There are 2 protein chains.
Amino acid sequence: MRRATVGGMSTTTADEVCCPGAGADLLPAASADELALVFKALADPTRIRLLRYLAESGAGTACACHLPGALGITQPTLSFHMGKLHDAGLVSREKRGRWVHWTVRTDALRGVRAFLDLPEPAGECC
Amino acid sequence: MRRATVGGMSTTTADEVCCPGAGADLLPAASADELALVFKALADPTRIRLLRYLAESGAGTACACHLPGALGITQPTLSFHMGKLHDAGLVSREKRGRWVHWTVRTDALRGVRAFLDLPEPAGECC
DNA sequence: TCCAGACATAGACGAACGTCGATGCATATG
DNA sequence: CATATGCATCGACGTTCGTCTATGTCTGGA
């Protein structure tokens with residue numbers, strides 16, 4: 001039996017009154033953190049455009065040389081965003097001579113894509 | 001012909017030298033903002049668990065009465081997070097008597113789900 | 001060997017975020 | 001009507017984020 005008494009607050013009174021059958025298990029905090037990490041990396045317009053740009057380029061790979069101008073940001077800012085995407089595992093870095101080429105890691109999106117396939121509402125609650 | 005001269009910076013020299021065929025069109029800023037808004041709403045472990053909880057509950061609907069205790073957060077914090085999800089259009093609010101019942105709006109995830117279906121790397125760059 | 005260019009890092013700064021306790025508002029119930 | 005309760009809002013606080021300028025590091029070419 002699930003008892004909602006973890007955080008010190010006791011909202012036990014509501015447990016009996018309101019929709020008693022709606023109790024679903026919570027996603028483990030670790031899994032939620034992991035998902036949030038990827039979503040955090042996607043939670044910026046600039047990074048979204050960068051990822052999309054890379055994905056549309058040939059082989060999902062491109063060097064970012066002309067992107068600062070196109071996006072209206074400076075080179076350090078671009079480096080910052082690419083670093084974020086890299087930390088989240090969404091792109092891989094490859095140094096070719098003087099330039100860095102970036103490749104989208106589509107497999108890193110599997111987790112979040114699975115999460116977004118939420119079960120369709122089927123039953124009735126209360 | 002694409003010329004990367006928007007933001008005031010002129011990185012024109014690199015245009016000729018480095019991977020000239022990799023130029024893909026940029027996602028419009030408005031679309032990127034829209035996507036980022038949803039991703040921002042998902043970029044928090046607590047909200048991820050809330051959304052998953054709602055989706056797993058019967059009919060994708062539940063009142064949030066016993067959630068503060070289960071998640072270890074206070075009632076104002078829960079209200080804050082549900083507000084964020086609501087602002088992003090991910091849940092809908094329905095007041096039944098004294099309680100508020102929340103329903104997942106799976107259709108609101110269509111946009112981000114389409115974005116995450118990035119084209120697989122196919123060609124070769126340079 | 002030295003210089004120019006591509007990228008990363010450091011430091012700074014304002015804005016937004018996540019959390020809390022305290023309070024206000026609306027509604028069901030005695 | 002008075003009271004209790006579920007929820008939203010307010011004000012505050014520390015943390016994280018996004019951006020910039022300035023500087024460092026490494027590589028290729030003259």
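Which residue in strand 3 of chain B is the bridge partner of B:Arg93? In the predicted model, that partner is B:Trp102. The bridge belongs to an antiparallel pairing of strand 2 (residues 91–96) of chain B with strand 3 (residues 99–104) of chain B, which extends over 6 bridges. The two strands of chain B form a hairpin, with 2 residues between strand 2 and strand 3. In the turn, B:Gly97 has a positive phi of about 60 degrees. B:Gly97 is also listed among the closest residues to DNA strand C.

Chain A contains 6 helices and 3 strands, arranged along the sequence in the pattern α-α-α-β-α-α-β-β-α. Of its 126 residues, 37% count as buried. Among the contacts in chain A with a separation of 6 or more, 55% are accounted for by residues 24 or more positions apart.

Within chain A, the axes of helix 3 (residues 45–56) and helix 5 (residues 75–87) come within 10 Å and cross at roughly 70 degrees. An angle from 65 to 115 degrees counts as roughly perpendicular, and helix 3 and helix 5 of chain A are therefore described as roughly perpendicular to each other. On the side of helix 3 of chain A, the contact is made by A:Thr46, A:Arg47, A:Leu50 and A:Leu51. Helix 5 of chain A contributes A:His81, A:Met82, A:Lys84 and A:Leu85. By residue class, this contact comprises 4 nonpolar, 2 polar and 2 charged residues.

Both protein chains supply residues to the surroundings of the DNA. DNA strand C is surrounded by 27 residues, of which A:Pro76, A:Ser79, B:Pro76, B:Thr77 and B:Gly97 are the closest. At least two residues of the surface near DNA strand C come from each of the following elements: helix 5 and strand 3 (99–104) of chain A, and helix 1 (12–17) and helix 5 (75–87) of chain B. The residues of this surface divide into 12 nonpolar, 9 polar and 6 charged.

For DNA strand D, 27 residues form the surroundings, and the closest are A:Pro76, A:Thr77, A:Gly97, B:Pro76 and B:Ser79. Here the elements giving two or more residues are helix 1 (12–17) and helix 5 of chain A, together with helix 5 and strand 3 of chain B. The surface near DNA strand D consists of 12 nonpolar, 9 polar and 6 charged residues.

Definitions and conventions: Residues are numbered from 1 along each chain as its sequence is written. Chains are lettered from A and ligands numbered from 1 in the order in which they are written. This is a predicted model: local features need pLDDT of at least 70, side-chain atom pairs count only at pLDDT 80 or more; totals for chains, interfaces and linings use all residues. Two strands pair if DSSP finds at least two bridges between them. Helices (H or I, at least four residues) and strands (E, at least two) are DSSP runs, numbered from the N terminus. Axes are lines fitted to C-alpha atoms, for helices over the stretch in contact, and angles run from 0 to 180 degrees between N-to-C directions. Angles under 35 degrees count as roughly parallel, over 145 as roughly antiparallel, 65 to 115 as roughly perpendicular and the rest as oblique. Two residues are in contact if their C-beta atoms, placed from the backbone, lie within 7 Å. Ala, Val, Leu, Ile, Met, Phe, Trp, Tyr, Cys and Pro count as nonpolar, Asp, Glu, Lys and Arg as charged, and the others, Gly among them, as polar. A residue is near a molecule or strand if its C-beta atom, placed from the backbone, lies within 6 Å of it. A residue is buried if 20 or more other C-beta atoms lie within 10 Å of its own, exposed if 12 or fewer, and partly exposed in between; C-beta atoms are placed from the backbone.
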